[in-house]
Every structure is written in structure tokens, then in C-alpha cells.
Amino acid sequence: CLVIVTASNLSIVLYDLGESSSVRVITYDGGFGQSLYVFEDGTIYWVIYNPFTTSFIILCTSKEGVTRNLGIWYIGEICVVVDRLYIYVLDKDNNRIDIYSRRTLMKLWELHVIPNVNELILVLDIDECCSNNTCHMNATCSDTPGSFVCTCNEGFEPSGDDCLDINECDRGSCDPNADCVNSQGSFYCTCISGFVGNGLNCTETCEDEILFYSTSSEIISNSSVSIPTADNNILGYDKYNRRLLYYDDTENLYSVGLNGLNSTVLINKANIAEFAYDGERGVLYYLNSRTLKINSVNISSGEDAPVQALDSLSGIRGVEMDTKNRYLVIAKSSEPPIVRLDITSFETQRINFDGSAQALSFDQDNEVVYWVNFVVSTEKYNLTRSSYTGQTVALNISYDGEIDLAQDYMHLYVLDKENNRIDKYNKRTWVKINVFNINDGPQRLIVAFDYDECCVGTYCPEMLSTCSNTPSSFECMCIEGYFRNGTICQDIIDCDDESPCHVNATCNDIPGSYECNCPDGLTGNGTYCEDINECMVGGFCHDNATCDNTYGSYSCECYGGFTGDGKNCTGI
């Protein structure tokens, strides 16, 4: 169909270009046609000029021939085009394009154009990105006028028509103190032991992790510390004071340094089956083996009483103390498997899950509890993680026999009691990264955090010493040329008493060392000096003189018939 707009009362004429060759006329009495635009659904948008109001008005005529005034008018000459969402009006006098909503006819915004624009057309571009474009699977397609652009996704780089994975680990994307693992289109960083952070940035914790495990009558560490105990010891850790705790058949609860020294008895108490210690307040929480209830005892006063808020709990398998958030965390073999007690308000939170907790270890920084879920139907011990907010997920790691758990900032350690080994897992990937074979009969496992005085750097004399960290202690060693004098490193006066230099050399003391210098007439490094034979070297006496070498010196004498000092001789 050919559509023509006229400046007469006929206004719009439609010619059917098909077999019928019919002619159809649409009239409008409000003015004279000026321009038109036919939308894809057959709707005609056209402009008339009303001589009485001297305005240009936009009309809309449906395919059925119904015409309506859109209420959009201009004083100057205009041109109109339309797409599915908007009506575009070129205001020639004001050099701009006004954009209206096709649905509401509200003006949305305007676009200023260069002067003397007379025509406005609308071109519909094919969006190749909506169809089967040729971009790589690891690229993003962006449509452009008449074409499209493929851009490799983040983590990939172009190689011809392909997008290949960028190995960020080869480009040093992680912190120097982090381990980097590359993956398709991405990577992740994990701060190494002794550092914390997101892996992109790691800061020193000034803590060294020490792994301890117990047998029935001994506590052993990976730092060569061995502590003999009485039988049936129960191993624990005082996080606040950084000390080992253990309870054995002597019915004493011992506190001992991480180096195995400075052992003291915190309390003598019978019937302790499990325990956790609040080192800041000096309060011991323990499972009474006789009543199977949790009691608290003040170490200073000895006051001992059941924890009423936990009186209804049964099947308790383990307790641990979250000193940072002030919680007592409890593992139970019956539902709910994990219970958390606020030791300030004594309110409890129950983490509900269909499971039977046998052991636990918690991450107080991330507020997460790792626990061992024993599944009766499969007779498997499954690793499970629960957040303090109650979300619980299985980690898809299971063992056939009993296990115990411990952790540091980045790793979870699993004590496999049946196979006498400790498995180390990355807590981000859950990849097993190490296995430690240990002595027979392991019972408990903990990770202790030793304060690294050398990392802090304020304990040894600055610049003049080296610091060696040891569990619960440290050692300062003065650098060569200095000796320890109380809390300082003092320069060794090497030139006093027995000089380290040759007998004929001079000794000069310098900070941290000394210098030996042979005197004139001798040669050597100062610790060894030998005579220079000036007469053999030549050039010291005159040609008309004799040369007599002596140790460290020489003498010259003019020949007969000559006079002078031997270095200069003249004829008489």
C-alpha cells in the first residue's frame, strides 16, 4: 500500500498496489497534511498544519481508519518517526528532537541537534547478539549499528577468534604472602600460614600455629614438644592465655606453656568428661561424667554449680569456648546437634539439623562451627559446617572411623584415629593438601596459636640482633661483633687484651668488628705482615748509591765520589 499525505482536505490517500488497485481517502477537517510516518502495524502518524492556530499538530490514524489528535503540537515545522516504544519529533525551528512515550504520550527527554536538519528517518538495526552470533563461548556480544563486537569475558583474553583463560597466578595477582589457585575465568588467593586477609591483601597475624595431639598418656606437637601425662588425658586449649590444658587420671586440670614448660594445676576436680575454659574470666565449663550435665566452676573461688540454661541437654559429646564472641559451643549426639550458649546473657541458640554431632571445632572469626556428623544408616562420620545464623551444609568429606577436628585461619585438620594420621584441608576449596602420619592411639587434636614475638619486632635490640621464635618464648642473638649485655647488644672491643692482628700491625676497633693494618715497610692483610724488600723492588735508592734492606725499612748510601742522602747523590 502506498500512502500519500496531501495539503488538501483529502489529507491522506492510500493506493493499494495489489490486484485490486483500490484507492482509499482519509480526511481530516482540522488542517492540511504536511508529513507522515507509517508504523509496522499499519498505524499512520502524520502532521497537519492548522492555519487558524498556526500550529503543526500530530495525528494518529489506525489501520481501520480511525483518526485521533495526540495532543502534541508545535508552532514551527516538524517531522515525525515512530518505533515500538517512542515517538520522535524533529522540531526544525529549535534544532532538537523531542522523544515521547508512545503509550502515555508524555515527553521523556530531548536531544539537541545541529542547525538546519530537515528530515528525520528511523533505521532498524538487526541485533546480531540476539541471534546466533559467532562470538566465543567465553565472550560477550555487543550490538553496534550494522554489526556487532565480541569482547572476552573477565578472566579471559583474545587469541584469534578464541578467548583463552588468563592464568592470574602467573601474573602475581595474589598477595606475595598468599597461595594462588587458577580456575577457568577466575582465580582465588589464600593467605599462607601466619597471615590473614582476602588473599589479595594479607597481613601478618604474628601468630604461629602449633598442632598438638594426644595419646592416652602423652601430648605431642609438630614443634618437637612432648609432654608426658597420666593415663586417659583430655586435651584442651586456653585461647585467651595461649596455654595447653589437659585433664588426666590424677583428677588435676593442668595448664602448661606451649613449649611444655611452666606447668601449673588450675584445679583438682573429679568427674570431668569434657571441658572448655574461659581464660579471661577464669571459669571452667565441664561435662560432669556422673550427672552428664554441664557445670561451671570459678577457678579462684572454687564455686561449682550446674549451668541451668543447659540443664535440658543430653547426649553431650564435646564443648569448646569461643572467647572472641563469648559463647560456649556444645556438640550433641541428639537433635539439635549444635547448641550455642551466650555466657553473658545465658541465652541459647539451637542449630537444628538431622544429625548426631560427635566432635566440633569452631572458627570464631567467621562465626562458623565445623562438626562431625555420624550417620547411623551408612556408619560414616561426615564433616559438616554450620554458621552461627543456623545455615548447615555437608562438606562431602567422610570417614569410616572416629575422627576429631581442629583448625587454623585457613585450614581444617582431621585426626583419623583408626589410621593414625592427620589430614589437612583447605577451608576454601576443601582439597586435602597434606597428610601427617602420627603415633599409635591418637585421641584428641587441637591447634594452638603461639604469639610470635619476633614478628612484632619489639623484643630484641633493633638492628643489632636476630630473633628466633620458640613456643611460648623467643631468643635474641646478637649479630657477629656484639655481645649480649642485659637487654642490649654491646660492641665487642676486639683490640683489647689479645689483639687479633699481627704483632707488627695496628688494630683499630670499629662498630661490630675491627681492622688490622700493616705498618709502612710491611705488606699483608693485617693478620699477617711480611717485610717489603725495597732493594729488590728498586726505585727507593739513587742509581749511584747502595741499598741495604732491613725489616720494615731500608737504607741508602752514596758511592765514593758522590755525596747525598743515598736517595739523591751528586758527584763531588
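Me: Which cysteine does a disulfide join to Cys-169?

Reply: A disulfide is a covalent bond between the sulfur atoms of two cysteines. Here Cys-169 is joined to Cys-180, S to S 2.0 Å, where a disulfide is a pair of cysteine sulfur atoms within 2.5 Å. The model is predicted: local features need pLDDT of at least 70, side-chain atom pairs count only at pLDDT 80 or more, and totals for chains, interfaces and linings use all residues. Residues are numbered from 1 along each chain as its sequence is written, and side-chain values use heavy atoms, with hydrogens and water left out.

Me: What is the torsion about the S-S bond of Cys-169 and Cys-180, and where do the two residues lie?

Reply: The torsion is about -80°, so this disulfide is left-handed. Cys-169 is in the loop between strand 15 (162-165) and strand 16 (178-183), and Cys-180 is in strand 16, eleven residues apart. Strands (E, at least two residues) are DSSP runs, numbered from the N terminus.

Me: Is Cys-191 buried or exposed?

Reply: Buried means under 20% relative accessible area, exposed over 50%, and partly exposed in between (1.4 Å probe, protein chains only). Cys-191 is buried at 1%. Cys-191 forms a disulfide with Cys-202, the sulfur atoms 2.1 Å apart, and Cys-202 is buried at 12%. By contrast, Cys-169 at 25% is partly exposed.

Me: How are Tyr-409 and Phe-449 arranged as an aromatic pair?

Reply: A pair of aromatic rings is described by the distance of the centres and the angle of the planes. Rings of Phe, Tyr and Trp (its six-membered ring) pair if their centres lie within 6.5 Å; planes under 30 degrees apart count as stacked, over 60 as edge-to-face and the rest as tilted. Tyr-409 and Phe-449 are 5.5 Å apart centre to centre with 55° between the planes, a tilted pair. Tyr-409 lies in the loop between strand 39 and strand 40 and Phe-449 in strand 43 (residues 444-451), so the pair ties together parts 40 residues apart in sequence.

Me: Which strands stand at the edges of the sheet that holds strand 39?

Reply: Two strands pair if DSSP finds at least two bridges between them. The open sheet has the order 39-40-41-42, with antiparallel pairing. Strand 39 (403-407) and strand 42 (432-437) are at the edges, each with a single partner strand, so one side of each lacks a neighbour in the sheet. Five bridges join strand 39 to strand 40 (residues 411-416).

Note on methods
Helices (H or I, at least four residues) and strands (E, at least two) are DSSP runs, numbered from the N terminus.
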